[in-house]
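Me: Can you walk me through this one? I'll ask as we go.

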Amino acid sequence: MALGDIALCARAMVMIGASPVSSFDEDSAEAEIARLLYPTIRDGMLASYPWRFAARGSWLARLATANDGRDPGDGSALFALPRDFIRLLSLENEGGKITRFELRDRAVLCAGETAHLSYVARLAEGSFPPWFDLALIARLAAEFCLPLTESSARAEYLFKRSEEQFREARLADAQQSTPHAIDDFSLISARE
């Protein structure tokens, strides 16, 4: 069952013994805490690991000029980042990987006429896999606990539990594709 932002927050509230929210617009402390913290925690969880389920690729649109007026004069160009961009995984052009780049306000500066970005995207909550939902709920409960219950001992326990859930989610995500084999490694051939 796909969970939305309110459902994720409501489950986290139940974990700490608070009243579940049914809307971010409710007139309650729970709704205010959820409204203020949820987007940052969600984006932080997505940015914290190169999740396969959230990985996307896109050819970037070249911008006419650098948005800060600086022109490096070295053949570099400024490319717009996608609206759903959270974390850069790799940057390439027709010549291969781009190793020198600079992220700027919603853009990336790099050498070349084109740029292909592999990145972690901000997705709709309904597309999160169950293992990420569990990790996110655990992290939300940990973050919501102190401002709502003022129990630092319970918050500390929930943070440890959320770290366990995060490890399990990373493992589940890593198992969603075949591992990359090391085909050409000089130390392997030197041993033979």
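**Aromatic cluster and sheet**

Reply: Y49, W51, F53, F128, F132 and F166 are linked into a cluster by ring pairs. Rings of Phe, Tyr and Trp (its six-membered ring) pair if their centres lie within 6.5 Å. The model is predicted, so local features need pLDDT of at least 70 and side-chain atom pairs 80 or more, while totals for chains, interfaces and linings use all residues. Residues are numbered from 1 along each chain as its sequence is written, and side-chain values use heavy atoms, without hydrogens and water.

Me: How many aromatic pairs by this rule?

Reply: The count is 9. In one of them, Y49 and W51 have ring centres 4.8 Å apart and planes at 65 degrees, so the pair is edge-to-face (planes over 60 degrees apart; under 30 is stacked, the rest tilted).

Me: And what are the centre distance and plane angle for F128 and F132?

Reply: The centres are 4.8 Å apart and the planes at 70 degrees, so that pair is edge-to-face.

Me: Are F128 and F132 buried or exposed?

Reply: F128 is buried at 5% relative accessible area, and F132 is buried at 0%. Buried means under 20%, exposed over 50%, partly exposed in between, with a 1.4 Å probe and protein chains only.

Me: Switching topic: how many disulfides?

Reply: 0, taking a disulfide as two cysteine sulfur atoms within 2.5 Å. C9 is buried, at 0% relative accessibility.

Me: What is the strand order in the open sheet?

Reply: The order of the 3 strands is 2-6-5, with antiparallel pairing. Strands are DSSP E runs of at least two residues, numbered from the N terminus, and two strands pair if DSSP finds at least two bridges between them.

Technical notes. Helices (H or I, at least four residues) and strands (E, at least two) are DSSP runs, numbered from the N terminus.
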